[in-house]
Structures are given as C-alpha cells and as structure tokens.
Amino acid sequence: MKEFEGKVALITGGGNGIGLATARLFAERGARVAIADVNREAGEQAAELLRQSGAEVMFVYGDVSDKAVVEQMVAETVAKLGGLDYAANNAGITHPKDAEWDDDAFQRTLDINLSGVMHCLKAELRHMLAAGKGSIVNTASIGGLIASVVPSLPAYTASKHGVIGLTKVAALRHARDGIRVNAVLPGVTFTNMVKDVMELGEEERKVLENMAPMGRVARPEEIAEAIIWLCSDKASFVTGHSLVVDGGAIAQ
Ligand SMILES: NC(=O)c1ccc[n+]([C@@H]2O[C@H](COP(=O)([O-])OP(=O)(O)OC[C@H]3O[C@@H](n4cnc5c(N)ncnc54)[C@H](O)[C@@H]3O)[C@@H](O)[C@H]2O)c1
C-alpha cells in the first residue's frame, strides 16, 4: 500500500514549481490531489500531466488573495475528493526590485503571500477540525528569517516573516486538536520565480548559486520532499516548526 493511499491533499500554487513538485510526490505516493492555482492554464495542464500516470488529480481554481474564492476552493476539494487530510499553502509571488517601496506592490504581495495563507488556513482548519485530524504546511522562505536574502524585496521579506508567525499561532492553537501546522523555508529554488534572474547571465546565475554554501540552487523536488515529510505521520511530533531547506545558506 502506498504511503498516502486514501488521503486527500490540496496544494495552492500547484500549477508550477514547488507546488507542482509537491502535487507530483503526493500523487505518486497514492493521494488524491487537488491542484489549486490562479493560473487556470498551468493548473489544468499540471493536473492532466499527473493524471497520465494514473493518479486522481483535479484542478480547482483558487486565487488565494480572495477569501470567498478560497472558501469555494476548499469546499470543492472536500466535495469532489471526499475530505482534506493535507494542505500545502504554497502560492506566492515576488515583486519587482524597482517596486521596492511601492505601496501597491507591497499590498498585493501581502494580499497573496500572507493574507492568502490566512484565508487558506481558516477554510482548511474548519474541515480538519470537524474531522479531528489534518496536517498543514505553509511555504515561507529563508527570507522569512533573515532580511539579507532579498534586501530589495521588503514586501516579500515581511510577508514571509508573517507566514512563520501565522504558522506558529495556528500550530499552538490546534496542538490538541489532532492538527499540525508547520512551515517550509526554501532557499533559492529553480522555478519560474528565479529563472528570469538566473537566465540574465553567468554573473547573475553565480550570485544565486553562491547564496548556498553547497554552490547551487535547489531543485523543486528537494523542497517538495520536505513538505511531504512535514505533512506525513513520520513528522507526528512536529508542529509550529520552520524547516529550512537551503543548502546551508543561513548557517553562514
Ligand atoms: N523559488 C524560490 O527560490 C523560492 C524560495 C523561497 C520561497 N519560495 C516560495 O515558494 C512558493 C512557490 O513558489 P515557486 O518558486 O514554486 O514559484 P512559481 O512561480 O513557479 O509558482 C508559484 C505558483 O503560484 C501561483 N500563484 C500566484 N499567485 C497566486 C494566487 N493569488 N493564488 C493562487 N496561486 C497563485 C502561480 O500561478 C504559480 O503557479 C512561493 O510561496 C514562494 O514565495 C520560492
């Protein structure tokens, strides 16, 4: 029997990058998976790709910054897949460096990266509390611990600090309800979020690679493995934790 046979996992921002890698691992290990994304095309393609290997995977539209949409996203997942055991609140954006102190960019980043996690937590916890069990992993960033990772992205840094705080509060609040809430803190990972910078040239690529003592960026699967572990029963005594997966970057 596969590890997640009979379980249901919801992954926001599942159409690309870390979210897609997480959806793939859940599907390969037997879970029924809902891929939520604001980008319908990417989300539907991702779901179709994973279905080809025989997994039960659906796309559900979900702009995490919209509370009503998030309620609908979770309700649809529960209705169509029969429950909700695991949630990876992973959707996130960065803002352009030239929008460093721009009010609109700040608000939009907070709306998606922080309020988005809040909306998801509320809707997911309601279902998990009724079931008396569940495990949630929020994707923060090492930029949620230290500001020097992306000093030109104040909104991003603030939002990820906030995600770590929200994770701790939710974990404490529900520690005796059979529900665990943790955060994963990736270092630089090769996804659309950083591809553009890496492809600017050799120098830009080296800067990102050298942020980690290991001298490279992460593959999305390396972050997904940490998310999956935190969700699973193997992490049964882990809650409120921030798991850094960064090739040693913040150990420096
Ligand atoms: N790539 C990195 O170096 C890195 C490092 C640390 C943390 N992270 C975090 O990892 C998470 C995943 O990012 P990624 O690197 O896979 O990026 P990505 O751009 O490849 O994927 C992000 C996905 O989120 C979706 N999304 C964006 N706004 C959304 C919204 N409002 N509602 C729902 N979905 C939305 C996008 O459509 C996309 O499919 C993010 O929270 C990001 O901040 C990434």
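**One residue and its surroundings**

Tutor: Let's start with Val-194: leaving out residues up to four places away in sequence, Val-194 touches Val-188, Thr-189 and Leu-208 (contact means heavy atoms within 4.5 Å). Keep in mind that this is a predicted model, where local features need pLDDT of at least 70, side-chain atom pairs count only at pLDDT 80 or more, and totals for chains, interfaces and linings use all residues. Residues are numbered from 1 along each chain as its sequence is written, and side-chain values use heavy atoms, with hydrogens and water left out.

Val-194 sits in helix 6; helices here are DSSP runs of H or I with at least four residues, strands are E runs of at least two, and both are numbered from the N terminus. Val-194 counts as buried because its relative accessibility is 15% (buried is under 20% relative accessible area, exposed over 50%, partly exposed in between, with a 1.4 Å probe and protein chains only). For a sense of distance, Arg-126 is 68 residues from Val-194 in sequence and 34 Å away in space, C-alpha to C-alpha.

Now for the space beside it. The largest pocket has a volume of about 1300 Å³. Its lining has 47 residues, and those closest to the pocket centre are Thr-94, Tyr-156, Thr-191, Met-193 and our Val-194. On a 1 Å grid over the protein atoms alone, a pocket is an open set of points with protein on both sides within 12 Å along at least five of seven lines, and lining residues have an atom within 4 Å of a point. Points are joined across faces, edges and corners, and the volume is the space filled by probe spheres set on them.

Helix 6 (192-198) is one of the helices that supply at least two lining residues each, along with helix 1 (17-28), helix 4 (103-131), helix 5 (154-173) and helix 7 (202-209). Helix 6 gives the most, five residues. By class, the pocket lining has 22 nonpolar, 18 polar and seven charged residues; Ala, Val, Leu, Ile, Met, Phe, Trp, Tyr, Cys and Pro count as nonpolar, Asp, Glu, Lys and Arg as charged, and the others, Gly among them, as polar.

Stepping back, the whole protein has eight helices and seven strands. Along its principal axes, the C-alpha trace spans about 50 × 40 × 35 Å.

Definitions and conventions:
On a 1 Å grid over the protein atoms alone, a cavity is a set of points where a 1.4 Å probe fits but cannot get out, and a pocket is an open set with protein on both sides within 12 Å along at least five of seven lines; lining residues have an atom within 4 Å of a point.
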